[in-house]
Amino acid sequence: MNLSRRTVLIAAASTAAGLAPGLSGTASAAPRTSAAASGTAATGGLQPYASYWYPDSLPSGSPGTGITWRSLKEWRADSDADLAFNAASVPLAARFTPTPANTTARSGRARIQSLVSFAPTAGNPSQGSATADYYALTHWAYIDELVFWGGSSGEGLILAPNAPVVDAAHRHGVPVLGNVFLPPTLYGGQLQWTRDLVQKDSGGRYPLAAQLVAVAEAYGFDGWFVNAETGGGDAALAADMLGFLHELKNLGAARGKRVTWYDAMTANGSVSWQGALNEQNEGFFQDADSMFVDFRWSGGTLAASGTRAEELGRSRYELWAGIDVEARGTGAFVNWDAIVPTDAAHTVSVGLYRPEWTRNHLPASRTPGDFHAADDLFWTGSSLDPSRPDTGASWRAPALIVADRSTVASVPFASSFNTGHGLKWYENGEATSEAGWNHLGLQDRLPSRRWVVHTTGRRPDVTFDFADAWRGGSSVLVDGALDAPATLDLYATRLPLCTDPVVELTHRADAGSVTVELAVATAEPDSAGGAPPYVHLPVQVRPGDGWQTSTVSLGALSGTVHALGVRLTGTGTVRWRLGKLAVRDKAVTPSEPTDLRVTDADEGSLRFAWQAAPDPVRHYELHRVLPDGTRRFLGGTCQCAFYAAGLAPAQGERDARFELRAVGELFTVSTPLTTTHTW
């Protein structure tokens with residue numbers, strides 16, 4: 001990979017400081033967590049983090065502050081003290097592809113892979129953290145594979161995804177891969193670590209291939225991205241790597257796991273980035289499910305690579321052409337026509353390296369709204385409406401390339417439009433915590449087409465807004481002068497109409513007078529780019545201010561709901577919020593969990609555990625009940641363990657009281673389960 005001098009200097013300095021390098025040593029932009037904040041095992045704290053390892057042997061010397069050196073070979077699930085915090089619980093949802101929102105997006109052709117560094121290798125909290133400033137990815141509808149990017153010579157080379165990212169991705173049908181990074185020697189790589197990874201036992205098996213599959217199975221994610229960039233190898237080492245990959249793929253496939261190979265090591269064991277699929281790396285491709293083609297590709301090499309993949313009996317779309325957006329984001333120069341031409345079949349798929357640029361390039365004073373504005377521009381394009389794509393823009397946004405997908409295919413379904421981070425936490429329209437937070441595992445299934453508005457008049461602005469919410473941290477805000485009715489697409493669905501189906505809308509008008517109708521389509525548009533054939537059902541709106549919930553019957557309809565939206569009619573400037581949408585036949589209250597207890601304590605830091613509720617639940621929420629009866633939200637999780645920090649006794653309080661509730665798919669909550677902790 002060709003690096004500029006500036007990138008090399010940044011990468012070298014960051015690796016020395018313990019940051020997670022990217023491909024060939026590109027540095028993470030996020031600072032590594034300090035010892036005081038990290039609470040890792042090295043400091044005796046209770047804070048759980050995403051797991052990271054070296055294959056077997058550890059570096060010489062001592063780890064940096066807040067870093068714990070571990071050997072993957074020695075890992076065992078039954079002795080993993082943080083497994084309950086790190087094991088994802090949401091299964092990978094099935095997806096379907098509705099009629100595309102525009103005529104440029106295609107299905108069944110190129111796919112999108114996203115390589116994301118959410119935090120430094122040694123500083124990925126297992127269950128979110130107390131800040132809204134986070135890369136809260138929401139455009140899952142365009143992504144086919146997410147790589148949880150990380151690894152560094154000073155922390156560990158193998159990084160397992162944290163549970164919140166996996167749970168959010170799975171809810172939207174996106175598989176998540178952990179990362180195996182064998183860095184160049186320039187950035188501290190040691191050839192011994194490559195040899196450790198591909199070591200064989202006395203029976204000729206590859207024990208670390210089995211370990212990687214065991215980790216993915218225990219933690220609930222979907223496989224591994226393998227990036228072998230340490231130079232100095234030979235043909236014998238390459239042969240061992242091929243054997244290792246073969247076993248990793250076969251063992252993983254039996255468990256539903258996948259493997260992606262990065263174009264670095266070649267057949268003779270050297271590291272030589274090809275920017276193509278050719279005789280130097282096709283053996284590795286054949287022992288993987290897909291390959292990330294290094295950034296040095298050209299139009300000619302991609303065309304030849306696609307042809308070569310098909311000659312090998314593989315799909316050309318199992319090749320991801322790398323696009324480096326870490327430094328310049330939407331300003332990156334990309335030869336789009338070499339990958340996804342507009343007037344011919346797509347050549348190969350797209351591999352986006354470090355799209356968290358949408359957060360990292362913003363000033364430190366950034367807000368969640370600033371981030372989502374930049375992220376929408378990246379994924380949707382400058383029109384901010386995938387039904388009206390800006391085909392002349394230099395940045396070819398994913399919404400212009402691939403058809404969006406959805407997982408909304410069963411009843412009950414509900415969303416409070418919670419993006420997985422917020423400035424406060426809201427329940428039933430009231431803030432129960434004033435603290436900023438992030439936890440992607442609490443993210444709802446979100447609208448895939450952001451934001452399609454059908455109107456003959458001026459188009460209002462539509463955003464996720466963090467100033468108020470019905471539940472979670474955000475709501476949908478429609479703001480603008482409505483000089484004609486405006487229909488907002490919300491969800492592409494495949495919802496079978498059941499007995500007595502109803503839709504509930506929780507909404508609020510902050511300014512202006514607005515008439516609300518539910519838009520329901522029981523068929524697809526006639527062609528790509530067409531509006532769903534909606535029927536409009538009146539939504540009863542009570543006079544007065546504040547949040548209100550309206551129920552609309554779908555009893556007059558039959559078949560399957562293919563799309564849901566809202567039509568707004570008003571005069572003048574309107575500010576209207578949507579806080580929740582639910583489709584149900586009956587309301588179900590989840591059963592409560594059992595055996596809530598504090599399992600460990602260190603001053604104001606507590607670890608909680610409980611037994612799962614007997615029925616499926618969306619997630620769990622933990623509150624502290626203060627002596628005056630006030631309930632304060634501490635956090636939520638999809639797991640059956642939770643870590644809370646920064647707690648202190650209230651005045652005169654000897655025993656702190658905590659309540660745990662199970663939250664169902666419709667956001668109904670169980671009766672509380674309580675426990676106490678003596679200070």
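Which residues of helix 7 are buried? They are Leu237, Ala238, Met241, Gly243, Phe244, Leu245, Glu247, Leu248 and Gly252, where buried means under 20% relative accessible area (1.4 Å probe, protein chains only). This is a predicted model, in which local features need pLDDT of at least 70 and side-chain atom pairs count only at pLDDT 80 or more, while totals for chains, interfaces and linings use all residues. Residues are numbered from 1 along each chain as its sequence is written, and side-chain values use heavy atoms, with hydrogens and water left out.

**Helix 7**
- Helix 7 covers residues 235-253, with helices (H or I, at least four residues) and strands (E, at least two) taken as DSSP runs numbered from the N terminus.
- The cover over its buried residues includes strand 5 (176-182), helix 6 (207-219) and strand 7 (258-262).
- Phe244 touches Leu197, Val198, Tyr206, Leu208, Ala209 and Leu212, not counting residues up to four places away in sequence; contact means heavy atoms within 4.5 Å.

**Strand 20**
- Strand 20 (residues 502-521) is mostly covered, since 14 of its 20 residues are buried.
- It runs antiparallel to strand 23 (residues 560-584), to which 18 bridges join it, two strands being paired if DSSP finds at least two bridges between them.
- Within that pairing, Thr569 of strand 23 is the bridge partner of Thr515.

Note on methods:
The expected span of a helix is 1.5 Å times one less than its number of residues. Buried means under 20% relative accessible area, exposed over 50%, partly exposed in between (1.4 Å probe, protein chains only).
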